[in-house]
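Trainee: Could we go through this protein together, with the terms made clear as we proceed?

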Amino acid sequence: MLKERIAGLLDQRLSGHSLPRDFYVDEQIFQADIEAVFETDWLFACSTVEIPRPGDYLTLRVGHNPIVVLRNREGEVVAFHNTCRHRGSQLCLKERGRANRLVCPYHQWVYELDGSLINARQMPDGFDTSGYSLTPVHVQVICGMVYICLADEPPSLERFRAGVTPYIAPHMPDRTKVAFTSTIVEEANWKLVIENNRECYHCAANHPELLVSMVEFALPDDPQAKTQFQGLMDRSTARWDSLGLPHKPADGGIEFRCIRLPFNENTVSFTTDGKPACNKLLGDFTEQDLGSVRMFRVPHNWNHFLSDHIIHFRVLPISANRTELRTTWLVHEDAVEGVDYDVEHLTAVWLATNSEDGMLAENNHRGILSRAYRPGPYAPSEFMLTHFTDWYAGKMGDYVGTPRTAVAAE
């Protein structure tokens, strides 16, 4: 019955419009989201520099699935379902930590960092530990970003890897360290959190800190842009070309987006005064004014790669009306806090922006609960919302078994 209801809602959907109400507020459809989207696709988990040493681990929860991502003794990044093969207890209880071996806190079954069970006390003679290794999760690392996939057979990530690597690699994410991490919970559906991020139609009225440096326009030839933006783009692209830095939009279709865009005149970073957030630049950069590589990948992750720092954003659904947003700031591995950067100066813009966006998403969710809600049309500047909702509808169509056909139009 649920799949039939989802199919009916997909039939009602108009591309270029917000989704029918139940896609945002219905708890059963939320569970379908987890199965159709988050248990089938690649998900951003963390940066490799968050787990630099063997035994370092990070945990996250994908729906009802607790996951642990760790670095094994060979230095490889691996991931497992964070559930003991004895009676299912979670193994790693902290968000981050370090362990020589993984020990279940319930009955002390002990696992090696490769997931193999090496001790199961009080089990009978002849008990074969080889049949009780931790259940692995697929892992791929792209430019220091760790992606996991819970599916038995994960989709290919190679188009994404090839598309974004030329933009991100010059920032050398592997030579960074964590400067700060923030986690907040927004009382809104995860899709509303993503939709809010995918447009800047709301920025002028809501994000004074962000717009100190960030240009509102999402395309280098945006027809809404003013003449001075085109001049800024021309000067910036000429400089980037001379440095061999790609900047034109990557061919990501509706799956991912990667582009380098400039900051406003006389600003070089995401700070409240537009000045550098960190004096020690990333990689081999010698110029501060390199704009920002804006990279997004469905279903839940966006990023900014600057000359002086990197910011990762990860969205994880908790329920139909609650969503976790985790933000991580990275600086050069040799940067010294208090000398090269100040944490408050580094984080102020996006801490404020995340808070503002949280209130907007929560207000959006409360309004959608109204019986008067009807899907509304996206503005031309909200084209990335069309991309996202079309992609989402395709995933849900696959889940319910409907063919991918042209979406309805007015």
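Predicted model: local features only at pLDDT ≥ 70, side-chain atom pairs only at ≥ 80, totals over all residues.

Mentor: A nonpolar core is a set of buried Ala, Val, Leu, Ile, Met, Phe, Trp, Tyr and Cys residues joined through side-chain atoms within 4.5 Å, where buried means under 20% relative accessible area, exposed over 50% and partly exposed in between, with a 1.4 Å probe and protein chains only. Residues are numbered from 1 along each chain as its sequence is written, and side-chain values use heavy atoms, with hydrogens and water left out.

Trainee: Which residues touch the most other members of the largest nonpolar core?

Mentor: That core holds 74 residues, and its largest share, eight residues, comes from helix H9 (residues 383-400), helices being DSSP runs of H or I with at least four residues, numbered from the N terminus. The members touching the most others are Val69 and Ile148.

Trainee: At which residue does H8 bend?

Mentor: Helix H8 covers residues 343-368 and reaches 37 Å from its first C-alpha to its last, close to the 38 Å expected, a span computed as 1.5 Å times one less than the number of residues. Comparing axes fitted to the seven residues ending at a position and the seven starting there gives a bend of about 30 degrees at valine 349.

Trainee: Is alanine 379 buried or exposed?

Mentor: Alanine 379 lies in the loop between H8 and H9. Because its relative accessibility is 17%, alanine 379 counts as buried.

Definitions and conventions
Helix = DSSP H or I, 4+ residues; strand = E, 2+ residues; numbered from the N terminus.
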